[in-house]
Amino acid sequence: MSHQKHTALKRPNLGHFGRNEWAIIGAPCGSIQTLARRLTGLLAAQYKVAYVDADHKSADEAEMPLQTLLGSGAAMEYTDKITHRRFEWGRGMGPFQYRPLFNEQDLILVNGNHFEAARQIVIIDKRKEQSLQKKLDRLGNVQLFLLAEGAEAIYPFLKDHLPGWEQVPVMQIADTERIAAFLQQQLQPPPLYGLVLAGGRSVRMGQDKGLMDYHGKPQREYAADLLNAFCEKTFLSCRSDQVASLDSSYTALPDTFEGLGPFGAILSAFREYPEAAWVVIACDLPLLDAPALQQLVEARRPAQIATAFQSPHDNMPEPLIAIWEPKSYAVLLQFLAQGYSCPRKVLLNTEVHLIEPAQPQALTNVNSLEEAAGLVAFRKS
């Protein structure tokens with residue numbers, strides 16, 4: 001029996017830089033930059049697009065003295081420019097440093113002449129044929145061929161190197177709208193999973209809020225049934241000591257980040273399914289209904305960290321009636337590493353999509369028996 005030294009964690013499907021990365025290779029760097037610029041112009045309105053390249057200095061520029069503090073021994077320099085912010089790093093970087101920096105990007109275009117990426121777009125351009133032949137080790141997942149002006153066929157050495165090359169689409173490099181549409185097809189939103197937060201201690205209520213009966217069944221089950229209509233899978237987030245008491249027709253997802261409340265429940269969900277987006281709802285929302293969830297799901301913007309309702313009480317984001325995208329997993333962990341376990345603080349300090357609830361009453365929390373009694377009286381009136 002083999003010994004497992006480290007915990008077998010489920011890892012997000014990341015490449016060298018992030019989730020959706022394509023190395024563009026096979027043409028001069030200027031052609032790659034031009035293509036990347038045009039594709040970005042077509043896609044940036046809907047997606048966050050990043051570009052990775054190396055410096056292309058002329059010989060004269062290369063001899064000029066370094067004008068940043070890095071030349072004086074600094075390890076890092078940050079410059080707040082008028083149109084953008086810029087970091088200068090003194091040390092080398094690899095995938096473990098790149099991924100946090102590119103985490104929020106939906107699409108990462110990479111100059112494949114200088115860097116590798118998980119997926120590749122190969123340009124057939126005679127000017128770089130010999131160079132491409134020396135970089136076949138970078139071509140492990142070619143998804144698109146582009147024919148430069150004058151090119152008519154795929155190189156024989158590519159046919160020999162790539163099994164199933166005949167199935168790879170071929171387009172003209174000048175047809176940027178068609179290339180952009182191809183990339184767009186690959187950028188499908190992550191699947192929606194549902195998470196009912198039912199692991200709280202319910203101290204103010206004096207009894208388990210998830211077992212309160214407002215609709216003829218325990219509230220946690222009612223909430224799960226609501227989510228089932230919008231999510232591929234739905235789970236009851238709970239403490240490990242609650243699992244045995246749950247109805248077996250509902251799937252439990254015990255906390256593995258214990259003692260962190262809802263923050264830990266969300267992290268536990270991502271730890272188990274890091275490629276899903278999570279529709280998270282608390283179990284103390286008896287007025288939450290299908291139309292409210294419908295509004296949330298239809299307003300979803302996967303390019304943001306999360307989509308959340310804006311509270312009608314204080315205009316703050318509601319983290320426990322929200323959709324948390326896969327890219328929020330790394331962000332939540334970063335906040336935790338800085339000593340914060342408040343999901344609302346995450347939403348307040350990142351790019352999220354906030355929507356005004358069409359039914360503000362659907363966001364009503366019931367945390368005590370007095371509030372529950374008042375709600376029952378209100379509904380009867």
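**Two crossing helices**

Analyst: The crossing of α1 and α6 is right-handed, as seen in what is a predicted model. Two packed helices are described by the angle between their axes and the distance between the axes. Here helix α1, residues 29-43, and helix α6, residues 176-186, pack at an angle of about 65°, and their axes lie 9 Å apart. On the α1 side the contact is made by L35, R38, L39, L42 and L43, while α6 brings T176, E177, I179, A180, L183 and Q184 to it. Sorted by class, this contact has seven nonpolar residues, together with two polar and two charged ones.

Elsewhere in the model, helix α10, residues 328-337, has S328, Y329, V331, L332 and F335 as its buried residues. These cover an arc of only 165° around the axis, which is why they are on the same side of α10. The buried residues of α10 pack against α8 (261-272), β14 and α11 (343-348), and α10 is followed by G339, whose phi is positive, near 95°.

The largest nonpolar core has 30 residues, and V196, L227, V279, I281, L288, L293 and I321 are those with the most contacts inside it. Among the elements that each supply at least two residues of this core are β9 (192-197), α9 (290-298) and β14 (317-324), whereas α7 gives the most, with five residues. Leaving aside neighbours within four places in sequence, L293 is in contact with L226, L227, F230, V279, I281 and L288.

Terms used. Residues are numbered from 1 along each chain as its sequence is written. This is a predicted model: local features need pLDDT of at least 70, side-chain atom pairs count only at pLDDT 80 or more; totals for chains, interfaces and linings use all residues. Side-chain values use heavy atoms; hydrogens and water are left out. A nonpolar core is a set of buried Ala, Val, Leu, Ile, Met, Phe, Trp, Tyr and Cys residues joined through side-chain atoms within 4.5 Å. Buried means under 20% relative accessible area, exposed over 50%, partly exposed in between (1.4 Å probe, protein chains only). Helices (H or I, at least four residues) and strands (E, at least two) are DSSP runs, numbered from the N terminus. Contact means heavy atoms within 4.5 Å. The arc is that of the directions from the helix axis to the C-beta atoms. Axes are lines fitted to C-alpha atoms, for helices over the stretch in contact, and angles run from 0 to 180 degrees between N-to-C directions. A crossing is left-handed if the near helix is turned anticlockwise from the far one by less than a right angle, and right-handed if clockwise. Ala, Val, Leu, Ile, Met, Phe, Trp, Tyr, Cys and Pro count as nonpolar, Asp, Glu, Lys and Arg as charged, and the others, Gly among them, as polar.
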